[in-house]
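Some notes on the model follow, point by point. Please read them next to the coordinates.

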Amino acid sequence: MDCGILTSKTVLLFLSLIFWAAGAALAYVGSYVIKSYNSFEDFVSDKYSVIPAAIIIGVAVVMFVIGIVGCCATLRESKVGLGFFLIIIMIIFAAEVTAFVFGFIYRGRIKGDLEKSMSGIFQKYDDVNTETHAVDYLQTQLECCGVNNITDWTAIPWYSQHNNSVPHSCCKANATQCTGQLTQLDLLNTQGCEAKLEQMLQDVLSYAMLVILGFAIIKLFGMLSICVIACRSKKNDYEPLYA
């Protein structure tokens, strides 16, 4: 069997088999990105920032189905099936490129988005409303305090109304003696939340973009393999996989 044909068939069969694993991985990444954004949705005013994750999950669902189609088309040596496989791969490739571009765009907008929303939410802290729960969750999870640093609380009404103290969510983990007074800086987290949240969202989105890029490269090799088989088939009959 022609080495090029054999290699192309092997690549396609391998590509078909890894579609399931790739689909599972993409579904996990997409879900993780959405979960990360939803955890801090009060601070992310641009709801369209989850578009890349939604695209990833959509692609993952399609990939499970396409994995079956590609495997059958390769094993049965179906030119129609391989043609359909090529079209689907091209569509998925385009979707992944789109997700990558969206991710790149929103990655640069995260800082500005947070700056617009965080200060206003911190100002609404009152121990009762939803903003209060969002701030406490943020400060506890990221071990931070205030927008830029702990001193931001001195300009928030809640601070003066509670004996010049910060919320207990600013206390370090296991700091049982922490009262929230600024005289106990050794028991308080002093770093601001904006920088930490921005870094976390940047890391999550960068990880998602890296996964998208990796799978897009695999699709590119798959398209090239189908083209090789199609070009050779014009001169020779499609040879059995195990000839």
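1. UniProt, in an unreviewed entry, places the feature "transmembrane region" at residues 51-75, 82-106 and 207-231. UniProt positions follow the numbering used here, feature names are shortened, and annotations may be inferred rather than shown by experiment.

2. This is a predicted model: local features need pLDDT of at least 70, side-chain atom pairs count only at pLDDT 80 or more, and totals for chains, interfaces and linings use all residues. Residues are numbered from 1 along each chain as its sequence is written, and side-chain values use heavy atoms, with hydrogens and water left out.

3. Residues 51-75 are 100% helix and 0% strand, with the end C-alpha atoms 36 Å apart. Residues 82-106 are likewise 100% helix and 0% strand, and their end C-alpha atoms are 36 Å apart. Helices (H or I, at least four residues) and strands (E, at least two) are DSSP runs, numbered from the N terminus.

4. Leu17, Trp20, Phe64, Val65 and Ile68 make a nonpolar surface patch of about 440 Å². Elements giving two or more residues to the nonpolar patch are α1 (3-39) and α2 (51-75); α2 supplies the largest share, three residues. Patch residues have over 30% relative accessible area and no salt bridge, and nonpolar side chains (Val, Leu, Ile, Met, Phe, Trp, Tyr) are joined within 5 Å, like charges within 9 Å. Accessible areas come from the Shrake-Rupley method with a 1.4 Å probe; for residues, only the protein chains shown count as cover. A salt bridge is a side-chain nitrogen of Lys or Arg within 4 Å of a carboxyl oxygen of Asp or Glu.
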